Amino acid sequence: MSETANKAESTRQAPVCSPSGTTVDAGEIDKFSAMAADWWDPTGKFKPLHKFNPIRLTHIRNEICAHFGRDPNAPRPLEGLRLLDIGCGGGLVSEPMARLGAEVTGIDAAEKNVKTALTHAAEQGVTVDYRATTAEDLLASDIEPFDVVLNLEVVEHVADVDLFLKTSANLVRPGGIMFVATINRTLKAFATAKFAAEYILRWLPIGTHDQNKFVKPEEARHALEGAGMVVEPPVGMTYQPLSDKWHVTGDASVNYMITATKPQLS
Amino acid sequence: MEKQADIIVAGGGLGGSLAALALSHQGFTVCMVDAAPPADKTLPDFDGRTTALAYASVRLFRRLGLWDDLAADAGAINDILVTDGRPADRFRKGHQATGFLHFDSSQLAEDTPLGWIVENRRLRQVMNAALEASEAIRVIAPATVGPVETGPASVSVPLSTGETLTASLLVAADGRRSPLRERAGIRTLNWSYPQTGIVCTVAHEKDHLGIAQEFFLPSGPFAILPLTNNRSSLVWTEKADRAGSFLALSDEDFVTEIEKRFGPYLGALSLDGPRWSYPLAFHLATKFHGDRMALVGDAAHGIHPIAGQGYNLGVKDIAALCDVLAEHRGAGLDIGHGTALAQYDRWRQFDSASLAFGTDVLNRLFSNDNPALRLVRSTGMGLVNRVDPLRNMFMKQAGADLGTLPSLMQP
Ligand SMILES: Cc1cc2nc3c(=O)[nH]c(=O)nc-3n(C[C@H](O)[C@H](O)[C@H](O)COP(=O)(O)OP(=O)(O)OC[C@H]3O[C@@H](n4cnc5c(N)ncnc54)[C@H](O)[C@@H]3O)c2cc1C
Ligand SMILES: C[S@@+](CC[C@H](N)C(=O)[O-])C[C@H]1O[C@@H](n2cnc3c(N)ncnc32)[C@H](O)[C@@H]1O
């Protein structure tokens with residue numbers, strides 16, 4: 001009990017890169033490790049992420065291009081950008097970003113995921129620097145901050161959201177951009193993302209999400225602003241059952257994505 | 001594995017050729033393999049059919065730069081007249097058709113004919129020329145494809161020439177008996193119609209004014225489709241056991257039989273070119289994709305020619321595949337991954353199945369002399385004729401303009 005209290009305390013007061021804080025929830029990492037072989041199976045446990053992938057990747061590509069003044073329709077629009085994918089899992093996002101030209105580092109707390117990601121990238125002939133580590137350890141290693149940091153569908157699985165987001169923000173270089181995507185903590189999210197996705201449609205294995213860990217956009221904004229980021233309003237990523245398609249919408253009540261930028265040093 | 005192209009297209013019929021051209025238009029490199037040598041496909045005795053290209057399909061042909069070469073030889077369809085009734089009744093003085101439908105292109109929101117009738121031979125000539133001119137397409141023909149092997153990032157097919165091709169994706173456009181579909185173990189729903197399609201071109205005295213006629217005769221639909229230069233293409237659906245005797249007639253007697261059905265409205269008729277016959281059948285693949293493979297055109301579906309929509313369905317397959325693949329490539333994704341193919345499958349299967357079953361029901365309903373069915377038909381046709389939204393829907397269907405239109409087919 002006192003341990004959790006201490007941890008909460010320490011996140012509030014200690015500098016964000018404190019080596020004492022951890023974002024790892026061991027139970028969550030075990031869950032993902034057990035599913036590692038499934039990452040690239042289009043009909044497997046990660047099917048929802050695959051179906052969702054084209055629209056979120058397209059959105060991220062467009063935002064990055066708008067931010068850095070690039071042509072999104074160029075064959076390799078992200079050429080030369082250094083990109084960090086935190087909680088990369090099997091590399092569902094790292095790999096496409098590398099194909100679009102980015103120099104990608106993918107990190108995940110689960111070693112098994114990183115192995116899957118490495119094997120798959122090698123098969124595809126795509127180069128990604130995958131590492132089994134956490135954001136806090138990477139920051140502590142004095143790595144050069146990145147042009148782009150991705151934080152997709154991870155915050156709902158970490159032990160300390162505030163620490164996690166601040167650490168992530170500290171990995172963005174001044175003038176860089178960061179994306180956070182997760183599930184909102186609303187009744188609708190609980191009903192659709194948790195129940196529809198996990199229990200009814202059997203998209204996700206039961207127990208993938210603990211709804212108490214869902215994060216509200218305001219909470220994410222607060223944490224990011226605390227780390228000096230300029231935060232845009234969230235966009236919704238909405239599933240339409242009739243057309244069986246995902247769309248970018250203004251409805252952030254279930255799945256949403258936040259773009260935040262770090263001001264240039266003056 | 002070393003890839004020769006992004007995509008291999010197996011089959012170089014009207015479907016495969018268009019697929020190769022459309023995919024290369026999207027920026028993909030393509031190897032197209034066909035069993036038939038290109039020059040053979042434009043010989044006068046290779047394919048005597050004509051194709052009704054719906055107006056939404058023509059938008060794709062325009063975007064690919066093919067239409068300029070086709071337009072001069074394409075017969076525009078301004079109106080479609082559909083008449084239900086036996087020929088003997090129809091030409092009796094004072095007779096009122098039991099059912100009658102009129103689709104008028106001027107009622108469409110857009111200023112366009114409902115479609116165009118193009119001779120398949122001309123289509124093949126224009127596509128062959130474009131294939132040859134394209135730097136992004138390599139045509140390998142004559143050659144057949146052997147058993148497919150898929151790897152984690154690629155698909156390979158051995159060719160009868162001894163060469164093996166490797167790419168990210170294989171497009172199966174190898175026709176209704178698709179060896180690729182069969183080898184992948186993809187099942188089809190299929191049956192044959194006890195009907196034969198007799199196809200020929202006639203020259204006539206009077207101008208057809210761009211009116212396509214479809215008479216629903218007891219043996220099956222009889223379609224008169226407007227071609228250029230006072231010519232029309234006939235698609236005469238006849239009971240299979242009677243078709244042979246019509247085909248065996250002398251030219252003179254054959255024209256007499258046509259006149260019985262056709263009526264006098266275009267003046268004197270004469271045959272222009274040989275007669276052709278095709279057995280009619282229905283088939284629909286239960287899945288439109290396999291491992292790193294997408295089925296398009298007749299490899300995925302074959303329907304009754306009653307509505308002239310068979311190829312148009314294939315055009316939509318190709319345009320939809322272009323959208324899905326372009327989206328995946330733009331997002332940095334592997335175009336051969338099962339997620340892309342499942343998206344294509346979901347998009348095309350429902351649309352194809354509805355049209356396939358719709359035309360099947362139409363044919364069963366109309367190729368029949370049963371008095372009860374005739375009553376149902378005349379009521380139904382009266383309804384469609386009087387109710388604007390219903391008529392408009394049929395016109396849009398004829399224009400291949402229903403459902404979620406792929407971007408290459410949008411206005
Ligand atoms: C009487 C009749 C009238 C019709 N009228 C119309 C109409 O008005 N409007 C319309 O939209 N549609 C119409 N259709 C339908 C239309 O003709 C077909 O849908 C269309 O031609 C199918 O084209 P495809 O390329 O998919 O198949 P196909 O034309 O069958 O081409 C398949 C190709 O694959 C090649 N091939 C096969 N196996 C291999 C292999 N192992 N390796 C390499 N190559 C291989 C073959 O050589 C062939 O070139 C009609 C059909 C009939 C029968
Ligand atoms: C739902 S997956 C998302 C994968 C990927 N980002 C995507 O969107 O496709 C969540 C991933 O986050 C990883 N993860 C959970 N907590 C983490 C932490 N504290 N640090 C790094 N990775 C973590 C898990 O191992 C898992 O691979």
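Reader: Which polar backbone atom is 2.7 Å from a nitrogen atom of ligand 2, that is, to which residue does it belong?

Author: The model is predicted, and the distances here are computed from it. A polar contact needs a pair of N or O atoms within 3.5 Å. A nitrogen atom of ligand 2 meets that cut-off at 2.7 Å, and the backbone atom on the protein side belongs to Gly87(A).

Reader: What is the distance between a nitrogen atom of ligand 2 and an N or O atom in the side chain of Thr23(A)?

Author: Thr23(A) is listed with Arg56(A), Gly87(A), Asp108(A) and Leu152(A) as coming nearest among the 20 residues around ligand 2. Ala109(A) also has a backbone N or O atom 3.3 Å from a nitrogen atom of this ligand. For the side chain of Thr23(A), the distance is 2.9 Å.

Reader: How much of the area that ligand 2 exposes when taken alone does the protein bury?

Author: The shell around ligand 2 has 12 nonpolar, 5 polar and 3 charged residues. Helix H2 (26-34) and helix H3 (47-68) of chain A are the elements that give two or more residues to this shell. Taken alone, ligand 2 exposes 600 Å², and the share buried by the protein is 98%.

Reader: Which residues of chain A does the UniProt annotation "domain: Methyltransferase type" cover?

Author: The annotation comes from an unreviewed UniProt entry. In the model, the annotated span is 38% helix and 29% strand, and its end C-alpha atoms lie 11 Å apart. The record places the domain at residues 84-179.

Reader: Is Val128(A) buried or exposed?

Author: Val128(A) sits in the loop between helix H5 (111-124) and strand S3 (129-132) of chain A. Its C-alpha atom is 6.9 Å from that of Glu95(A), although the two residues are 33 apart along the chain. The relative accessibility of Val128(A) is 9%, and a value under 20% is needed for this class, so Val128(A) counts as buried.

Reader: Turning to the other ligand, how much of the area that ligand 1 exposes when taken alone does the protein bury?

Author: Of the 31 residues around ligand 1, those that come nearest are Gly15(B), Asp34(B), Asp298(B), Gly308(B) and Tyr311(B). Backbone N or O atoms also approach this ligand: that of Val145(B) lies 3.1 Å from a nitrogen atom, and that of Gly310(B) lies 3.4 Å from an oxygen atom. Taken alone, ligand 1 exposes 1,000 Å², of which the protein buries 86%.

Reader: How many polar residues are in the shell around ligand 1?

Author: At least two residues of the shell come from each of helix H1 (14-25), strand S3 (50-54) and helix H9 (310-330) of chain B. By class, the shell holds 13 nonpolar and 4 charged residues, and the number of polar residues is 14.

Reader: How many aromatic pairs are there over all chains, and what is the angle between the planes of Trp236(B) and Phe246(B)?

Author: The count is 12 aromatic pairs over all chains. Trp236(B) and Phe246(B) form one with 5.0 Å centre to centre, and it is tilted, with an angle between the planes of 50 degrees.

Reader: Where do these two residues lie, and which aromatic cluster includes Trp236(B) and Phe246(B)?

Author: Trp236(B) is in strand S16 (residues 231-239) and Phe246(B) in helix H7 (residues 240-247) of chain B, 10 residues apart. Both are buried, Trp236(B) at 2% and Phe246(B) at 7% relative accessibility. The cluster is made of Phe222(B), Trp236(B), Phe246(B) and Phe254(B).

Reader: What kind of peptide bond joins Ala141(B) and Pro142(B)?

Author: Pro142(B) lies in the loop between strand S8 (137-140) and strand S9 (149-150) of chain B. Omega for the bond between Ala141(B) and Pro142(B) is about 0 degrees, and the bond is cis.

Reader: Is Leu209(B) buried or exposed?

Author: Leu209(B) is in the loop between strand S13 (188-204) and strand S14 (211-217) of chain B. It is not a glycine, yet its phi is positive, at about 55 degrees. Its relative accessible area is 58%, and the cut-off for this class is over 50%, so Leu209(B) is exposed.

Methods:
Residues numbered from 1 in each chain as written. Chains lettered and ligands numbered in written order. Predicted model: local features only at pLDDT ≥ 70, side-chain atom pairs only at ≥ 80, totals over all residues. Heavy atoms only, no water. UniProt positions renumbered as here; feature names shortened; annotations may be inferred. Helix = DSSP H or I, 4+ residues; strand = E, 2+ residues; numbered from the N terminus. Near = heavy atom within 4 Å. Polar contact = N/O pair within 3.5 Å; in protein donor to acceptor, adjacent residues only side chain to side chain. Areas by Shrake-Rupley, 256 points an atom, 1.4 Å probe, with all protein chains shown as cover. Nonpolar A, V, L, I, M, F, W, Y, C, P; charged D, E, K, R; others polar. Phe/Tyr/Trp six-rings, centres within 6.5 Å; stacked < 30°, edge-to-face > 60°. Buried < 20%, exposed > 50% of the residue type's maximum accessible area, 1.4 Å probe, protein only.
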